[in-house]
Amino acid sequence: MFAEAQADPVLPKEDFKTQESRLRVALLRSQYDRLKRADRTLLIVVAGIDGAGKGETINQLNEWMDPRHIHTLAYGPPDRDDNARPAFWRYWNELPAKGQTGIVFGSWYVPLLKEAARKKQRPERIEACAAQIRRFEALLAAEGVQIVKLWYHLSADAQSSRIKRLLASPETAWEITPADRKVRKHYDRICDAGQVALAHTDTDHAPWVVIPSADANMRMVRTAEAVLATMKRRAIPRATRAFALQSVRPGRIPDRLGELDYEAREEKHDYELELGMLQGQLARLVRSDRFKSHSLILAFEGQDAAGKGGAIRRVTRALDARQFEITPVAAPLPEELARPYLWRFWRRVPRQGRIAIFDRSWYGRVLVERVEKYAAPADWRRAYGEINDFERQLTDHGAIVLKFWMAVTPAVQLQRFKERERTPFKQFKITPDDWRNRKKWPDYAQAANEMLARTDMPDAPWHLVSSNDKRYARLQVLRHIVQALEDKL
């Protein structure tokens, strides 16, 4: 895998000049074409041997292209804010928009490379890290992010010579880090770790390219060629779609919405007594010391006029306003459409000790986007697996994830629609879209039942709440939240 790079090939100066003029023009043209189309993001992931000239080469690449549309994303060890959320949060958070280019240093490969460099490797841990990376990159690629991963490599002697040369001059000595100096001692182990990482994560949609790095001219030309080849590639490789389509595949999809007991009721006196009790329990639980190492994520879905807003208000009444954030989810904004659909939800993931409440959620991809045909069938079918993986990352990091489907019958919905039209302070709640969606009730029910079958997971369960009686529904929501917190804490 590294044989050519460890031979330290050289590109003569005359050949470099010829290649430079050609590549600079081609890179700029491709970059401006991408900006005009704005249908793809380019991510260049930089890794390899320390002291191989990665930073120098990327600086030169910025000179060859238009740096105004290139975002250098450099990640060091996770800070306190990073550690308070799942590991991939910080990479999602800074993802460039379509048309833009991101160059990533200190990427999601660091944990895998560290694991692969251990004296006693743990194969199961290596595969777990690699599998998470493959899922992440497959999702990005299927959502229009082109990825090329560059591994900068050279022989141990060439690396050592380069370090000595740079240290000899005060003008270049600053480029050398402590990690660069240690490479020779651990060179073989670093090479082995690189081979393991590349072998586990090299895919058609996110390929690795090994860059011979002993000679600066060779290093720069190979880098430019790899970036240009990626920019010119238009189609998403089939392997991306095939991998990302993997998800839970149930047998017969049950009609869970049809099986609900819509006659469930709660008497007003009993409701008021239990409501106060449950809100008090919730208040104590989320203020406890044990909750500080967790977060709470509540997602509310359901038919229009099913009482999502009222249930949310009964929950937040027990909370400190400084501890929670409510995100009402509507049609995506232009900056959100310019990125993968999960981007806007990753950005709202709460840190430990906090609560995020979503009034509608990431499930729009398999509900409204499916029914209204905003998403292609391949995209919403793929989304079940992507959503399960997203929620698994949340729960693995200590988040308590609860999902509520607030369900009403068509007759009760109609009654509430008419009441909203008659009541001045409720008229803002009823829109033409509500009436239009009502006509597609069977389509939405089918989509919801399939969603429930494919994404109801033990650590991120769906709770179906009969909402014909608002008092009953509100208590049910609070009961489930309190029970989940008590079980976890």
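**Exercise 1.** How much area do domain 1 and domain 2 bury between them, and what share of it is on carbon and sulfur atoms?

*Solution.* Start with the model: it is predicted, so local features need pLDDT of at least 70 and side-chain atom pairs count only at pLDDT 80 or more, while totals for chains, interfaces and linings use all residues. Residues are numbered from 1 along each chain as its sequence is written, and side-chain values use heavy atoms, with hydrogens and water left out.

Next, find the parts: domain 1 spans 2-232 and domain 2 spans 268-488, with bounds from an automatic or database domain assignment. Together they bury about 1,900 Å², 54% of it on carbon and sulfur atoms. Buried area is the accessible area (1.4 Å probe) that two parts lose on being put together, summed over both. On the domain 1 side, Pro86, Trp92 and Glu143 lose the most area to domain 2, together 31% of what that side buries.

**Exercise 2.** Find how many salt bridges cross the interface of domain 1 and domain 2.

*Solution.* Apply the rule: a side-chain nitrogen of Lys or Arg within 4 Å of a carboxyl oxygen of Asp or Glu. It finds 4 salt bridges across this interface. Now look at Asp81 and Arg351, which form a salt bridge with their closest N and O atoms 2.5 Å apart.

**Exercise 3.** Which helix gives the most residues to the side of domain 1 that touches domain 2?

*Solution.* Helices here are DSSP runs (H or I, at least four residues), numbered from the N terminus. H4 (80-83), H5 (89-93) and H7 (123-142) each supply at least two residues of that side. H7 gives the most, with 5 residues.
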